[in-house]
Amino acid sequence: MILDLFGLKGKVAIVTGSNTGLGQGICRAFAEAGAKVVGVSRRPSDETKEMIGEAFHNVIADLSSCEVIPSIVEETVAKFGRVDILVNNAGIIKRQDSLEFSEENWDTVLNVNLKTVFFLTQAVARRFVEQGTGGKIINIASMLSYQGGIRVPSYTASKSAIRGITMTLSNEWAKYGINVNGIAPGYMATNNTEQLRQDGERSADILARIPAGRWGTPADLEGAAVFLASAASDYVNGFTLAVDGGWLGR
């Protein structure tokens, strides 16, 4: 049956940024599709745990440093025996005029959004190769992987780079049965966009540009995430899928 290809029964997924928003939604969707999920978050993902139950395990880690990476992989394998899927969802944003943009704001965003993402991906891919069964990597990109944005130079740089390394790693790792793809969410009602949504004029400008006429929700991303994590996407590699209500097509 075709629907069987979308199932994740027997799979183990690591999802970063699991306590709220898009990461929480992806954790829930994976669990509903049959996977066991290790959620990585800086603060306890108690609400996510309550949603999912015993199929969820929380690793508390600060992804501003690569030092936590070995323990994330080791704890996942110790808890569930293997790892099959990685979703690099955790990310931060700093808003400041580019003429005044600080080195601290630059480094803080690039460390979390790009450096740690790459080295966590590398560590998980090494585990995939060791297991010999392939794997799925999903990088959460952004509309700013395609566009410039305003007052967010480090975020735009990081998300443009995420789209780039998604293609690079897909080229190198396809021979191991590893699929590396991305999802570029549009304007989503999450913590990262709270400041924009509270700005009535800016929010109205954004909504006027979205053909769907609304902000996205974590639920809007769940189907795309399950597809890219499942056998249904085995011949999809190096592509970043926009889930944006039509924003890029406008």
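Reader: Which helix gives the largest share of the lining of the largest pocket?

Author: Please keep in mind that this is a predicted model. Several elements, α1 (21-32), β2 (36-41), α4 (103-131), α5 (153-173), α6 (194-198) and α7 (200-209), each supply at least two residues of that lining. The largest share amounts to three residues, and the helix that supplies them is α1.

Reader: How much space lies in the largest pocket, and which residues lie nearest its centre?

Author: The space in this pocket comes to about 1200 Å³. Its lining is made up of 49 residues, which divide into 20 nonpolar, 20 polar and nine charged. Those that lie nearest the centre are Gly91, Ile92, Ile93, Tyr155 and Asn192.

Reader: What is the volume of the second largest pocket?

Author: This pocket is lined by 16 residues, with Lys11, Thr133, Gly135, Lys136 and Asp234 nearest its centre. By class, the lining holds four nonpolar, seven polar and five charged residues. The volume of the second largest pocket is about 200 Å³.

Reader: How many aromatic pairs does a search of the whole structure find, and why is the pair of Phe6 and Phe227 called tilted?

Author: The search of the whole structure finds four aromatic pairs. For Phe6 and Phe227, the ring centres lie 6.3 Å apart and the planes meet at 35°. Planes under 30 degrees apart would count as stacked and over 60 as edge-to-face, so with its planes at 35° this pair is tilted.

Reader: How many residues apart in sequence are the parts that Phe6 and Phe227 tie together?

Author: Phe6 lies in the segment before β1 (12-16), whereas Phe227 belongs to helix α8 (residues 218-229). The pair therefore ties together parts whose separation in sequence is 221 residues.

Reader: Is Trp215 buried or exposed, and what kind of pair does its ring form with Tyr187?

Author: Buried means under 20% relative accessible area, and Trp215, with a value of 12%, is therefore buried. Tyr187 has a relative accessible area of 18%, so Tyr187 is buried as well. The ring centres of Tyr187 and Trp215 are 5.7 Å apart and their planes stand at 90°, so the pair is edge-to-face.

Reader: Which residue lies over the face of Trp247?

Author: Trp247 belongs to a cluster in which ring pairs link it with Tyr187 and Trp215. At 4.2 Å from the ring centre of Trp247, the residue lying over its face is Arg209.

Methods:
Residues are numbered from 1 along each chain as its sequence is written. This is a predicted model: local features need pLDDT of at least 70, side-chain atom pairs count only at pLDDT 80 or more; totals for chains, interfaces and linings use all residues. Side-chain values use heavy atoms; hydrogens and water are left out. On a 1 Å grid over the protein atoms alone, a cavity is a set of points where a 1.4 Å probe fits but cannot get out, and a pocket is an open set with protein on both sides within 12 Å along at least five of seven lines; lining residues have an atom within 4 Å of a point. Grid points are joined across faces, edges and corners, and a volume is the space filled by probe spheres set on the points. Helices (H or I, at least four residues) and strands (E, at least two) are DSSP runs, numbered from the N terminus. Ala, Val, Leu, Ile, Met, Phe, Trp, Tyr, Cys and Pro count as nonpolar, Asp, Glu, Lys and Arg as charged, and the others, Gly among them, as polar. Rings of Phe, Tyr and Trp (its six-membered ring) pair if their centres lie within 6.5 Å; planes under 30 degrees apart count as stacked, over 60 as edge-to-face and the rest as tilted. Buried means under 20% relative accessible area, exposed over 50%, partly exposed in between (1.4 Å probe, protein chains only). A charge sits over a ring if NZ of Lys or CZ of Arg is within 6 Å of the ring centre and within 35 degrees of the ring normal.
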